[in-house]
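Please read the following note with the sequence and the model at hand. The points are numbered so that each may be checked in turn.

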Amino acid sequence: MQIGVLALQGAFIEHEHILTALGASSFEIRQLADLSRSMDGLIIPGGESTVQGKLLHDLGLFEPLQKMLNDGLPVFGTCAGLLLLAKHIANDERRHLATLDITAVRNAYGRQLGSFHTIAPFADCGNIPMTFIRAPYIESAGANVEILAAVNEHIVAAREGKQLVTAFHPELTDDATVHKYFLNMLK
């Protein structure tokens, strides 16, 4: 299995380490030429959604990536990746790739001091550790969106078809449950 990891900014290396530990190959997407490589799925890491969105446009990656996602390329977005995939952001006029039928709230838990760690159920996989850093949450989801996790009555993980998002950073823990879930989506 070959996974492209958007490597413009954010926690992309951590995703690559987990993929390697799970036996999946990965490569970094930094420029338009990288999109010509064959991939079974894409990971959009946490970081700064505004910076990543700007770089997607500046590097000519935005339209080709959006087309690939609309054509069915499986994608897993964490934190900022969730915001890049959201069709709507309640407290921000900007729209990015807008392929997932959710409305997100950016920086929903406040600034850096509002970051926290908890353990909560994810999908049918049991309890997992969840690390939230200046995290969004999902305010509402479309009819075809499956809710996979909630913390304090806020949706923090969801799936629509081949698109998976988490408001938390599974790549910053030793638990590979969410990455396994994503890889199983590709089978």
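Which residues of helix α1 (residues 12-21) are buried? This question is taken up in point 3, after some remarks on the model and the chain.

1. Basis of the note. This is a predicted model, in which local features need pLDDT of at least 70 and side-chain atom pairs count only at pLDDT 80 or more, while totals for chains, interfaces and linings use all residues. Residues are numbered from 1 along each chain as its sequence is written, and side-chain values use heavy atoms, with hydrogens and water left out.

2. The chain as a whole. There are five helices and 12 strands in the chain; helices (H or I, at least four residues) and strands (E, at least two) are DSSP runs, numbered from the N terminus. A compact globule of 187 residues would have a radius of gyration near 16 Å, and the 15 Å of the chain agrees with this. That radius is taken over C-alpha atoms, and the globule rule is 2.2 Å times the number of residues to the power 0.38. The C-alpha trace spans about 40 × 40 × 35 Å along its principal axes. Of the 187 residues, 52% count as buried, where buried means under 20% relative accessible area, exposed over 50%, and partly exposed in between (1.4 Å probe, protein chains only). Contact means heavy atoms within 4.5 Å; among contacts between residues at least 6 apart in sequence, 62% join residues at least 24 apart.

3. Helix α1. To answer the opening question, the buried residues of α1 are Phe-12, His-15, Glu-16, Ile-18 and Leu-19. They lie on the same side of α1, because they cover an arc of only 165 degrees around its axis; the arc is that of the directions from the helix axis to the C-beta atoms. The face turned away from the buried side of α1 carries the exposed residues His-17, Thr-20 and Ala-21. The buried residues of α1 pack against β1 (2-6), β2 (25-29), β3 (41-44), β4 (75-78) and α5 (177-185). After α1 comes Gly-23, with a positive phi near 85 degrees.

4. Helix α3. In helix α3 (residues 62-70), Phe-62, Leu-65 and Leu-69 are buried. Their arc around the axis is only 75 degrees, which puts them on the same side of α3. Glu-63, Lys-67 and Asn-70 are exposed on the other side of α3. The cover over the buried residues of α3 includes β1, β3, α2 (49-58), β4 and α4 (80-85). Just after α3, Gly-72 has a positive phi of about 110 degrees.

5. Helix α5. How many of the nine residues of α5 are buried? Seven are, so α5 is largely enclosed by the rest of the structure. The buried residues of α5 are Thr-177, Val-178, His-179, Tyr-181, Phe-182, Leu-183 and Met-185.

6. A residue of strand β4. Thr-78 is found in β4. Is Thr-78 buried or exposed? With a relative accessible area of 0%, Thr-78 is buried. Leaving aside neighbours within four places in sequence, the residues in contact with Thr-78 are His-15, Ile-44, Pro-45, Gly-46, Thr-166, Phe-168, Pro-170 and Glu-171.

7. Ala-98 is not a glycine, yet its phi is positive, at about 50 degrees. Ala-98 belongs to the loop between β5 (86-89) and β6 (100-105) and, at 26% relative accessibility, counts as partly exposed. Glu-153, also a residue other than glycine, has a positive phi near 65 degrees. Glu-153 is in the loop between β10 (146-151) and β11 (154-160), and its 83% relative accessibility makes it count as exposed.

8. A glycine in a loop. Gly-126 is located in the loop between β7 (116-121) and β8 (127-132). Gly-126 counts as partly exposed, at 34% relative accessibility. Apart from neighbours within four places in sequence, Gly-126 is in contact with Ala-120 and Pro-121. Gly-126 and Thr-177 are 51 residues apart in sequence, and their C-alpha atoms are 9.2 Å apart in space.
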